[in-house]
Amino acid sequence: MSAHSAESTDHRFMHRAIDLARNCPPSTTAYSVGAVIVADGVEIATGWSRETDEKVHAEESALNKLDPDDPRLTRATIYSTLEPCSTRATASRPPCTDRILAAGIPTVVIAWREPSLFVAACEGVDKLRKHGVRVVELTDLAEEAMSMNTHLDLS
């Protein structure tokens with residue numbers, strides 16, 4: 001796949017994740033995030049923040065729809081509008097970075113990094129890269145991905 005083709009694919013699936021994030025019930029204590037898992041160029045699962053309960057994260061929601069042993073995960077890309085969390089306020093649930101690593105997903109594409117509003121220093125990108133995951137940042141889509149979170153203090 002050419003670099004232009006990969007960029008076009010990444011933008012197409014990130015726009016899909018952004019559309020999913022618009023489904024999130026607004027919250028003053030959490031971000032509205034969308035996620036899409038793609039394998040072999042095909043969308044295999046989607047999720048968004050608070051889709052199934054008030055604590056579920058977008059990546060978690062998408063991963064919950066797949067068998068953890070699904071062989072497609074080891075060749076998949078997960079698109080998330082926000083950097084996957086490295087710590088959770090809900091201690092009974094693993095951080096999304098841990099779920100992504102456990103699933104064996106080799107590529108993560110994000111639009112923006114988590115600011116220090118709810119977590120002092122999210123280390124999702126660094127943790128994923130440290131474990132060999134390829135992380136692509138589509139900063140040109142950050143503003144659009146943040147648009148459903150304007151009620152929060154993102155400065």
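## Methionine 14 and the cores

Setting aside residues up to four places away in sequence, methionine 14 touches Tyr79, Ser80, Thr81, Val109, Ile110, Ala111, Leu138 and Leu141; a contact here means heavy atoms within 4.5 Å. This is a predicted model, in which local features need pLDDT of at least 70 and side-chain atom pairs count only at pLDDT 80 or more, while totals for chains, interfaces and linings use all residues. Residues are numbered from 1 along each chain as its sequence is written, and side-chain values use heavy atoms, with hydrogens and water left out.

Met14 also belongs to the largest nonpolar core, which has 26 residues; Met14, Val36, Tyr79 and Trp112 touch the most other members. A nonpolar core is a set of buried Ala, Val, Leu, Ile, Met, Phe, Trp, Tyr and Cys residues joined through side-chain atoms within 4.5 Å. Buried means under 20% relative accessible area, exposed means over 50%, and partly exposed lies in between (1.4 Å probe, protein chains only). At least two residues of this core come from each of helix 1 (3-21), strand 1 (34-39), strand 3 (76-82), strand 4 (107-112) and helix 5 (142-146). The most, six residues, come from helix 1. A second, separate core has 19 residues, among them Ala62, Leu66, Leu73 and Val108. In soluble globular proteins, nonpolar side chains tend to be buried together.

## The chain as a whole

The chain has five helices and five strands, and these follow the pattern α-β-β-α-β-α-β-α-β-α along the sequence. Helices (H or I, at least four residues) and strands (E, at least two) are DSSP runs, numbered from the N terminus.

Of the chain's 155 residues, 50% count as buried. The chain exposes about 7,600 Å², and carbon and sulfur atoms supply 51% of that area; accessible areas come from the Shrake-Rupley method with a 1.4 Å probe, and for residues only the protein chains shown count as cover. Among contacts between residues at least 6 apart in sequence, 69% join residues at least 24 apart.

## Aromatic pairs

How many aromatic pairs does the structure hold? There are two. Rings of Phe, Tyr and Trp (its six-membered ring) pair if their centres lie within 6.5 Å; planes under 30 degrees apart count as stacked, over 60 as edge-to-face and the rest as tilted. The rings of phenylalanine 13 and tyrosine 79 have centres 5.5 Å apart and planes at 35°, so this pair is tilted. Phenylalanine 13 is in helix 1 and tyrosine 79 in strand 3, so the pair ties together parts 66 residues apart in sequence. Phenylalanine 13 is buried at 5% relative accessible area, and tyrosine 79 is buried at 3%.

The rings of tyrosine 31 and tryptophan 112 have centres 5.6 Å apart and planes at 85°, so this pair is edge-to-face. Tyrosine 31 lies in the loop between helix 1 and strand 1 and tryptophan 112 in strand 4, so that the pair links distant parts of the chain, 81 residues apart. Tyrosine 31 is buried at 6% relative accessibility, and tryptophan 112 is buried at 6%.

## Charges over rings

Arginine 12 lies over the face of phenylalanine 13, 4.5 Å from the ring centre. Lysine 65 lies over the face of tryptophan 48, 5.9 Å from the ring centre. A charge sits over a ring if NZ of Lys or CZ of Arg is within 6 Å of the ring centre and within 35 degrees of the ring normal.

## Cysteines

The count of disulfides is zero, where a disulfide is a pair of cysteine sulfur atoms within 2.5 Å. The sulfur of cysteine 85 has its closest cysteine sulfur in cysteine 96, at 3.8 Å, too far for a bond. Cysteine 85 is buried at 6% relative accessibility, and cysteine 96 is buried at 1%.

## Two further residues

Is arginine 22 buried or partly exposed? Arginine 22 is partly exposed, at 44% relative accessibility, and lies in the loop between helix 1 and strand 1. Leaving aside neighbours within four places in sequence, arginine 22 contacts Glu144, Ser147 and Met148.

Threonine 81 lies in strand 3 and is buried, at 1% relative accessibility. With neighbours within four places in sequence left aside, the contacts of threonine 81 include Met14, Ala17, Ile18, Trp112 and Ala145.
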